[in-house]
Amino acid sequence: MPSLIHTLQSIVKQVDHAPDFQSALDIIVDSLIDALQVDACSIFIDVPEQERNLVMMANRGLNREAIGRVRLATGEGLVGLVAEKAEPIRLDNALEHRSFILFEGSGEEAYPVFLGVPIIAHRHTLGVIVAQRSRRPFDNEEEAFLSTLAAQLAGAITHARSSGEMARLLDDGGSVPLSRTLDGVAGAPGMSMGEAVVATHQVRLHTIPDKSIDAEEVAGQVERFEAAVARVRQQLMEQAERMRQSLPAEECALFVAYAQMLESGSLIDDTLALIRERQWAPGAWRQTVEAHAAVFASMEDEYLAERANDIRDLGRRVLQRLMSVEAGDRTYPRRFVLVGENIAASDLASVPLDGLCGIVSEHGSGSSHVAILAHALGIPAVMGVSNLPHTKMEGLTVVVDGYGGHVHVDPRAALLQELKQYIRHEQRVSDSLKALKDKPAVTTDGMRVSLYVNSGLMADLTPSLESGAEGVGLYRTEIPFQIRESFPSEEDQYRIYRDVLETFAGMPVVLRTLDVGGDKPLNYFPIREENPFLGWRGIRISLDHPDIFITQLRAMIRANAGLDNLHILLPMISSLEELDDALILVHRAKDEIQDELGLPLRFPHVGAMIEVPSTIFQIDEICRLVDFVSIGTNDLTQYLLAVDRNNESVAELFSSLHPSVLRAIEQVVQGAARQGTPVSVCGELAGDPVGVMALIGMGIDSLSMSAGSLPRAKKVIRSFSQQELANLRLQALSLHEAEEVREFYAARLDEKGLGDLIRAQKR
Ligand code: PEP
Ligand code: MG
């Protein structure tokens, strides 16, 4: 008899390759009958919108008519009890249990031995699996087996919910349909509506969306597909030929075999058939490749199962060819929402920004760089939407709620109406704040606060200037590096920096030196690390590559000639030594440029980012070395709380309002005050109305934020006295949790009639 672990692997494999959710459930109940030698097995799924929320969706061994009919509320019956307690229940005679409810005609009374385990994901019960027998009691091993299987099923349920498959299944059963609201985390604030465009920048087979085409487009798509296949076939034959000298014959044979698979046969015929059914070529190819790969993958024979990878590899090659042609021809709707598995900052560079009105990404969180960029551009974003059905979303209407972190896909008429109203209301709030543009940010008792913008794209310079900012508090120079194919030359960089310094002539501009690594990769400078946020990042790379660093410093200092508004900011400082070493290189670059220009140059202001916790405890020493410090609350929060800023699974734990983070900021402010060093805050906290209240309360008078946040921040500053905020700070610091701090400040905003300035913000 196969071991339970082997059986488990086999069931999971079959479930992974099931054509749809219902088949996956059926496979599980069928397999369990044999694996556990039980008489009956059933799966209940939680359908939150329903009064009796636990619906039997599959069974074997009981009356099949019970499927869709047997429904229980949480806490009702044994199944409801498993869901309520969120723990397994094992009984030798279920019929005697006080919670037992018999469903007439189900046939359950014949199987009193009961084992029910909850299906749980992220603290929520998604359903219950039940196994029943007429006699032999269940043992520990069987219980552990069923619990492990339940954990595996959680992903499939979340996916079925978010893809709308569950809604369709329940619709067929005649019950209330689920709404297609997907939950993620708030990425960039705002609410907008547009047509979904699936990002295909990073070509990966499973990210290719389905897309219907018109009858007259079929011939063109067939032609493209055939041309791509012919080209890849030719490349493979050439590759085999080239490799004949250096590789054993069987390795070369693989390329020939690949090429032959592309000559004729079902891979090609099935794709052509799908195109003729009006699916675009990349979508048709994806479906065919996945179907063929699934057949191989589900085979027991390891050698044959491995062939699935060959098919996927071949799939990728053809797709790449196909997409390089498509990319050139791509047209974008007037207002569109960019949707994808892992939208990166560089994706924004390959779409027309004037039509981009929202971003939805399966991975990432509110502190990911693409979210911060979206915020800078005023584009609402929702990140970390688990199991986002991106391949099915092309062309659908999508409403992005960047406040609450929700996405409404193809909303029904009533909801759409409500959402439109909400968008109009938001627009009115924003319009009402426009009048503040030329007014100073002064508290009611006269404390003047300088408001700067965070920037990084050329596209956001004009909105930044028009927002009424008094300069640039953080220019992320890695962004122009990220959207290029190779390192920009000193001349390229000079032009970029000169543009920023000139646009804000007469106002301070803080150019931060390269902060790549972490979640900001450069395609042309690959870094492979197990733990990139604790790895080679920011100043560490610059100091290890003085060639790159000096080029950047030279470009900055040259761009500053005659303008004198440059401030250089050093990211990811974690020790005094790094600061010393960096300063030596700034001096060297300044001396070189001075000699070359033959002009006396002023030494730029140099500052350190305070974002690694070690700097809090050496703040006095750091301040003695630099002209200013800037607190990066995004990384400071990540490192203090040990919460990956990019990981949606722990996004709930990421909050810069955590009392420990606030106390850390206070220590920095106090240290800097002792040394007479100016402090500003440039992380996302500085643009959050609640964060503004906390920071002004600590006496911070310089904040840098996304241009879109500026009007709200100014409104808050002009509505309170510093004294009032300083008093609130004392109360806020005594609270225990980030959520309490947010609620505490939100209540004060409400008292002033400013509740509209904040929405369901999570950070
Ligand atoms: C920060 O860490 O708070 C910061 C401003 O820098 P970045 O978000 O670019 O890492
Ligand atoms: Mg940072």
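Modeller: Two strands pair if DSSP finds at least two bridges between them, and the elements themselves are DSSP runs numbered from the N terminus, helices being H or I with at least four residues and strands E with at least two. This is a predicted model, in which local features need pLDDT of at least 70 and side-chain atom pairs count only at pLDDT 80 or more, while totals for chains, interfaces and linings use all residues. Residues are numbered from 1 along each chain as its sequence is written, chains are lettered from A and ligands numbered from 1 in the order in which they are written, and side-chain values use heavy atoms, with hydrogens and water left out.

Colleague: How many bridges join strand S9 to strand S13, and in which sense do they run?

Modeller: Strands of a sheet pair through backbone hydrogen bonds, either parallel or antiparallel. Here strand S9 (residues 191-198) and strand S13 (residues 397-401) run antiparallel and are joined by five bridges, with Met 193 standing opposite Val 399 in S13. On S13 there are also four bridges to S14, again antiparallel, and there Asp 401 has His 406 of S14 as its bridge partner. The hairpin of S13 and S14 has four residues between the strands, and Gly 405 takes a positive phi near 80° in it.

Colleague: In what order do the eight strands of the open sheet lie, and which strands stand at the edges?

Modeller: The order is S7-S14-S13-S9-S10-S11-S12-S8, and the pairing is mixed. Strand S7 (181-183) and strand S8 (185-188) are at the edges with a single partner strand each, so one side of each is left without a neighbour in the sheet. On average, neighbouring strands of this sheet are turned by 30° against each other, direction ignored; axes are lines fitted to C-alpha atoms, for helices over the stretch in contact, and angles run from 0 to 180 degrees between N-to-C directions. Helix H11 (residues 369-377) packs on the sheet by touching S8, strand S11 (356-361) and strand S12 (381-383), contact meaning heavy atoms within 4.5 Å, and its direction makes about 50° with that of S8. Helix H12 (residues 413-433) lies across S7, S9, S13 and strand S14 (406-409), and runs at about 120° to S9.

Colleague: What is the order of the six strands in the open sheet with antiparallel pairing?

Modeller: The order there is S3-S2-S1-S6-S5-S4, and the edge strands, pairing on one side only, are strand S3 (71-72) and strand S4 (89-91). Two bridges link S3 to strand S2 (residues 54-60) in the antiparallel sense, with Leu 72 in S3 as the bridge partner of Leu 54. Helix H4 (residues 140-162) packs on this sheet, where it touches strand S1 (40-46), S4, strand S5 (113-121) and strand S6 (124-133), at about 40° to the direction of S5. The hairpin of S5 and S6 has two residues between them, and His 122 in the turn has a positive phi of about 45°.

Colleague: How many aromatic pairs does a search of the whole structure find?

Modeller: A pair of aromatic rings is described by the distance of the centres and the angle of the planes. The search finds seven pairs, where rings of Phe, Tyr and Trp (its six-membered ring) pair if their centres lie within 6.5 Å, and planes under 30 degrees apart count as stacked, over 60 as edge-to-face and the rest as tilted. One of them joins Phe 487 and Phe 525 edge-to-face, at 5.4 Å centre to centre and 65° between the planes. Phe 487 lies in the loop between helix H14 (478-482) and helix H15 (490-503), and Phe 525 in the loop between strand S17 (509-512) and helix H16 (539-544), so this pair ties together parts that are 38 residues apart in sequence. Phe 487 counts as partly exposed at 29% relative accessibility, whereas Phe 525, at 16%, is buried.

Definitions and conventions. Buried < 20%, exposed > 50% of the residue type's maximum accessible area, 1.4 Å probe, protein only.
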